[in-house]
Amino acid sequence: PGAFPLGYPPAPFAGGKYVDSAMMQISTAPKSQQVTGLALCNDSSGKPVLLAAHAATSSLLNIDPESMTVTSKSALENGGLMTCGPAGSVFMFTNASGSATITQLGFDGTVKNSFPTNYNGPALSFDRHSSSLVVIDTAKEQAVFLDSATGKEAARFGTAGGIYSGTRPGLNDPSTFDMLKGVGVDAKGCVYTAHDTHLVMRKYCASSGSRPTTPSAWQSYAS
């Protein structure tokens, strides 16, 4: 009983536990037709907007994060994971005919830029510090910095091969990743990584004007 707050009504869908005013039900469609990308960004005036790639209606939804109501909707096909870009835009994984692409869109769905990519998840982030996109190379257990205008690789972060590489395989240290699943960058250029194994999260920072290198500033384990 203590797992969920008492006094809230049940969520209006199968298996739902509870719902409160901060929740918004976008669709009752099957899971395959649900929200495939979500990001909370600022528009060109600095106002926060919650954006959702909604597979059931093939649309990009603009949602007011205060009232949790849809304020506008534009056409969007094959939208996926997204991240906030320069003010008033988002970068998003899009898939057409089985080919992965990173697309930069305005909040109104207007395509600003698009380029093919070898990556398609499990994470996408925009580094304002270097105007780079950050993705994950799951095969090599590395975070990869891409030029946000062309998609060309600019740098890699982490030891190639991850925790099972090098002269001491299995050694868990800040330079090696194991099942890297999430990556993000803050306004100062610090990189955050999340790993499935050990449920660990790490933060890496560097001096101004350069990308971070190991060791990490801190790491935290989920209980």
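In this predicted model, Arg156 is partly exposed, because its relative accessibility of 29% falls between the limits of 20% for buried and 50% for exposed. The side chain of Arg156 meets that of Asp137 in a salt bridge, with an N to O distance of 3.0 Å. Since Asp137 belongs to strand β10 and Arg156 to strand β12, this pair ties together parts that are 19 residues apart in sequence. Arg156 also forms a salt bridge with Glu153, at 2.9 Å from N to O. The count of salt bridges comes to two, and they link Asp137, Glu153 and Arg156 in a network. As a general point, side chains of opposite charge can pair when their charged atoms come close.

| Residue | Relative accessibility | Class |
|---|---|---|
| Asp137 | 10% | buried |
| Glu153 | 46% | partly exposed |
| Arg156 | 29% | partly exposed |
| Phe157 | 5% | buried |
| Phe177 | 1% | buried |

**The four-strand sheet**

Strands β9, β10, β11 and β12 form an open sheet in the order β9-β10-β11-β12, and their pairing is antiparallel. The edge positions are taken by β9 and β12; each has a single partner strand, so one side of each is left without a neighbour in the sheet. From one strand to the next, the twist averages 30°.

Strand β10 comprises residues 132-137, and six of its six residues are buried. In a regular strand the side chains alternate between the two faces of the sheet. In β10, Ser132, Val134 and Ile136 point one way, while Leu133, Val135 and Asp137 point the other way. Residues of both sets are buried.

On one side, β10 is joined by four bridges to the antiparallel strand β9, residues 124-127. Here Phe126 stands opposite Leu133 of β10. The hairpin of β9 and β10 has four residues between the strands, and Ser131 takes a positive phi near 55° in it. The pairing of β10 with strand β11 (residues 142-147) is likewise antiparallel and has six bridges. Val135 stands opposite Val144 in β11, and the bridge partner of Asp137 in β11 is Gln142.

**Aromatic pairs**

The count of aromatic pairs comes to four. In one of them, the ring centres of Phe157 and Phe177 are 6.0 Å apart and the planes stand at 50°, so the pair is tilted. Phe157 lies in strand β12 (residues 153-157) and Phe177 in the loop between β12 and β13 (180-185), so the pair ties together parts 20 residues apart in sequence. Ring pairs link Phe157, Phe177 and Tyr204 into a cluster.

**Surroundings of Cys41**

Cys41 is placed in strand β1, residues 35-42. With a relative accessibility of 3%, Cys41 counts as buried. Apart from its neighbours within four places in sequence, Cys41 is in contact with Lys47, Pro48, Val49, Leu51, Cys84, Val90 and Phe107. The C-alpha atoms of Cys41 and Ala87 lie 7.8 Å apart in space, although 46 residues separate the two in sequence.

Terms used: Residues numbered from 1 in each chain as written. Predicted model: local features only at pLDDT ≥ 70, side-chain atom pairs only at ≥ 80, totals over all residues. Heavy atoms only, no water. Helix = DSSP H or I, 4+ residues; strand = E, 2+ residues; numbered from the N terminus. Buried < 20%, exposed > 50% of the residue type's maximum accessible area, 1.4 Å probe, protein only. Contact = heavy atoms within 4.5 Å. Phe/Tyr/Trp six-rings, centres within 6.5 Å; stacked < 30°, edge-to-face > 60°. Pairing = 2+ DSSP bridges. Axes fitted to C-alpha atoms, helices over the stretch in contact; angles between N-to-C directions. Salt bridge = Lys/Arg side-chain N within 4 Å of Asp/Glu carboxyl O.
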